[in-house]
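Here are my notes on this structure, written for a first reading. Please keep the 3D view open as you go through them.

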Amino acid sequence: SGIAYDPTSTRAPGPAGPGSLHVRAARVLAANWTGGSTVPSRSLYPHQWSWDSAFIAIGLRHLSPLRAQTELETLLAAQWADGRIPHIVFNPSVPLDAYFPSPDFWRSSTAGRAVGAPRTVQTSGIVQPPVHALAAWLVHLADPGLSRARGFLATVHPRLAAWHRYLLHRRDLGGGGLASVVHPWEQGMDNSPCWDAPLARVAPAPARSFQRADLDHGAAEDRPTDLDYGRYVRLAADYRDAGYADRQREFAVEDPAFNALLIASEHALANIAQELGAAGTARHARAERLTAALVERLWDPEREIFLCRDLHGGPIPERGVSGLIPLIVPELPGEIAAALVRTLSGPHFGTGTDLVPSYDLLGAAFDPHRYWRGPAWANTGWLLERGLRLHGERERADAVGAAVVETADATGFAEYADPYTGEACGATGFSWTAALALDLSR
Ligand code: 9WN
């Protein structure tokens, strides 16, 4: 393989002097900082993204705990009254044509008025995975003195609680206790083959009705197709035209990673409540109930992976990396954790490089360069490292973490990478790649 790292090393080196990974990652995060938050990429994504900010804060806490706290506070200031945290918070000084869909597509302050969209800031109307409470807790731990002095947890706690309430109540579209996503962008792995079947039912918006901006900065063969975009636009426009109200929708899927992150964040919120002097027991208990629902509704014992559940079509028989992410759930039954570790090393995900592909290596739709249809991403690597460590798989965790760090550094912090060769794909100078490599190398 072309990956420049030593597979025998168990842990990447800590911060060194000038020219170290620490310095290079810090440079990326400084360049992408806009004063109150960090853009994922100056070229492709010039606004604030929800789950990006959570991952970015996890890395930023090692450079500036104050910036890390501010990153999350800025995002939460754009929360809607119904509790949703929008997936994009738009920067008003960025030209409208720099990113599609822009604020004039989402029209949050008018179309979302009935469900409480903010009036002063423009946002999208969909959400992204709930990594925020986990991030807030990790940011607090980096500098508890500063956090207490600023009342950081006291500020974010009610907002995070409202966010989880929104997901657990308004988004339980399947009635089985799990949160559903109503758009592929909400789950964060936009063009995963897991969405192919539910998306096939969606009539795409005509290509001439919108203008993509991503192809100005990214290679077409690394990005979703025009047909994908037509369907993304149709689903988002329908949701907007329904006033962003959460009823049954044409696309409604229960996703294992989204719900596993909700569970991890419920536990984090319990810790936050305890730190603030309240009891965390009810939240821990809710996390356990969610874990039971996750296993009951999404675990596939034959394939030994969690599957997505299409509310209109049942379990989706595709193996995506999302199905491995429940390793981050603390109360996952031991035999399921062991099965996930087997799947991770087996023929569907084992590349021989310790980079974990976003999709089944043996799947018909596998493509090592196209976005979420095969490439390895730093955020899923970070989550798997954490999950492996949690379940006592220290060596595997070290190897997966080292592969993330070394690939990040060797590619100039690329957005994603070929899982076999480590070759850079997408944008470089990508914020969560820098932030999470930094976190893993501590
Ligand atoms: C749509 C910002 C975001 C990530 C997503 C990733 C990509 C956006 C896009 O970029 O999605 O939200 O325009 O392709 O898929 O996970 O949060 O980095």
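This is a predicted model: local features need pLDDT of at least 70, side-chain atom pairs count only at pLDDT 80 or more; totals for chains, interfaces and linings use all residues.

The points below run from the whole chain down to single residues.

1. Next, the overall form. The chain has 442 residues and a radius of gyration of 20 Å. A compact globule with that number of residues would have a radius near 22 Å, so the chain agrees with a compact globule. Along the principal axes, the C-alpha atoms fill a box of roughly 55 × 55 × 45 Å.

2. Now the secondary structure and the packing. There are 17 helices and 11 strands in the chain. Buried residues account for 55% of the 442 residues. Take the contacts between residues at least 6 apart in sequence: 71% of them join residues at least 24 apart.

3. Which residues touch the most other members of the largest nonpolar core? They are Ala136, Val404, Ala434, Ala435, Leu436 and Ala437, out of 130 residues in that core. Helix 12, residues 256-275, gives the most to this core, with 12 residues.

4. Look at Ala437 in more detail. Set aside its neighbours within four places in sequence. Ala437 is then in contact with Leu21, Ala25, Ala378, Val404, Val405, Ala408, Asp409 and Phe413. Val404 is one of these partners, and Val404 is also listed among the core residues that touch the most other members.

5. What surrounds the ligand? The residues are Pro40, Tyr45, Trp49, Trp51, Asp52, His87, Trp185, Gly188, Asp190 and Asp214. By class, this shell holds 5 nonpolar, 2 polar and 3 charged residues.

6. Is Ala402 buried or exposed? Ala402 has 23 C-beta neighbours inside 10 Å. The cut-off for buried is 20 or more, so Ala402 counts as buried. Ala402 is found in helix 16, residues 394-410. Arg289 is 113 residues away from Ala402 along the chain, and their C-alpha atoms are separated by 34 Å.

7. Compare that with Asp226, in helix 11, residues 226-241. Asp226 has 13 C-beta neighbours inside 10 Å. Exposed means 12 or fewer, and buried means 20 or more. Asp226 therefore counts as partly exposed. Asp226 and Pro204 are 22 residues apart in sequence, and 9.4 Å apart in space from C-alpha to C-alpha.

Definitions and conventions. Residues are numbered from 1 along each chain as its sequence is written. A nonpolar core is a set of buried Ala, Val, Leu, Ile, Met, Phe, Trp, Tyr and Cys residues joined through C-beta atoms within 7 Å. Helices (H or I, at least four residues) and strands (E, at least two) are DSSP runs, numbered from the N terminus. Two residues are in contact if their C-beta atoms, placed from the backbone, lie within 7 Å. A residue is near a molecule or strand if its C-beta atom, placed from the backbone, lies within 6 Å of it. Ala, Val, Leu, Ile, Met, Phe, Trp, Tyr, Cys and Pro count as nonpolar, Asp, Glu, Lys and Arg as charged, and the others, Gly among them, as polar. The radius of gyration is taken over C-alpha atoms; the globule rule is 2.2 Å times the number of residues to the power 0.38.
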